[in-house]
Amino acid sequence: MVIAQRRADIEVAESAAVLLRADGHRAYGQACDISIRSEVKALITGTVTLFGRVDVIINNAALTGVAAESRAFLEETDEHWQKMIDINLTGTFICMQEAARQMILQGTGGSIINISSVAQFAAQEHASAYCASKAGLDGLTKAAAIELAPHAIRVNNVAPGDIDTGASHDIAANSQRRGATGRYIRYTPLGRRGQAHEVGQVVTFLASEAASFVTGATWLVDGGFLSY
């Protein structure tokens, strides 16, 4: 397993790799800015060097939570908009394309899993760029799924709801501090915030042969958030 993080946060990837190795797994951290194709190519090449192949790629890198720097629609700037699209959408496209090329060379298929958000379906205040980037993943996932199916490469999307992570722990309060009204925050029927491992369990399923007939789909992990 190769865990990629941007250079400024590479210690996060390396620390995670250390924990995985302690549990008996082969895991390595590697620096990568997914919005730069040359760095993604180096990531794929490095993975092949270490493991001989690429079978699964999970596209989880994104500007989200506090890092998304939410702002009102009329205060959105070209620079912030482009940064959000470059990382959340274009970066995922680059990773998908480079991974798929390697999988096709191997000739044994693979699984591509994108991490989106319920924001691809439900608008959020002060998050026009974020919602647009995540909605774009829906179409990208479906289009790639039909074109890569002849190569036995499955492409799926996971859309988490309110997950309690470091990046999103205080997201509602932060949004209101930046001027959002807070009137459009939906209730989660299960009555609690989700945990990262609950998203991971769905990702694990999609990466496995148990999901061998699953492609082009978006899986909600939202505690019922979009049920009403």
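Asp138 is buried, its relative accessible area being 18%, where buried means under 20% relative accessible area, exposed over 50% and partly exposed in between (1.4 Å probe, protein chains only). This is a predicted model, in which local features need pLDDT of at least 70 and side-chain atom pairs count only at pLDDT 80 or more, whereas totals for chains, interfaces and linings use all residues. Residues are numbered from 1 along each chain as its sequence is written, and side-chain values use heavy atoms, with hydrogens and water left out.

**Salt bridges**

- Asp138 forms a salt bridge with Lys142, with 3.4 Å between the closest N and O atoms, the term standing for a side-chain nitrogen of Lys or Arg within 4 Å of a carboxyl oxygen of Asp or Glu.
- Asp138 and Lys142 are four residues apart in helix 4 and therefore separated by about one helical turn, and Lys142 is partly exposed, with a relative accessible area of 44%.
- Asp162 and Arg193 also meet through their side chains in a salt bridge, at 2.9 Å from N to O.
- This pair links distant parts of the chain, 31 residues apart, since Asp162 lies in the loop between strand 5 and helix 5 (171–177) and Arg193 in the loop between helix 5 and helix 6 (196–207).
- Asp162 counts as partly exposed at 33% relative accessibility, and Arg193 counts as partly exposed at 23%.
- A salt bridge joins Asp9 to Arg6, the closest N and O atoms being 2.7 Å apart, and Asp9 is partly exposed at 22% relative accessibility.
- Arg37, Glu98 and Arg101 are linked in a network of salt bridges, and a search of the whole structure finds nine salt bridges.

**Helix 4**

- Helices (H or I, at least four residues) and strands (E, at least two) are DSSP runs, numbered from the N terminus.
- The 21 residues of helix 4 (residues 128–148) should span 30 Å, which agrees with the 30 Å between its end C-alpha atoms, the expected span being 1.5 Å times one less than the number of residues.
- The buried residues of helix 4 include Ala129, Tyr130, Leu137, Leu140 and Leu148, and what covers the buried residues of this helix includes helix 3 (78–106), strand 4 (110–115), strand 5 (153–160) and strand 6 (218–221).

**Cysteines**

- The count of disulfides, each a pair of cysteine sulfur atoms within 2.5 Å, comes to zero.
- Cys95 is in no disulfide, and the nearest cysteine sulfur, that of Cys32, is 5.8 Å away.
- Cys95 counts as buried at 4% relative accessibility, and Cys131 is buried with a relative accessible area of 12%.

Definitions and conventions: Contact means heavy atoms within 4.5 Å.
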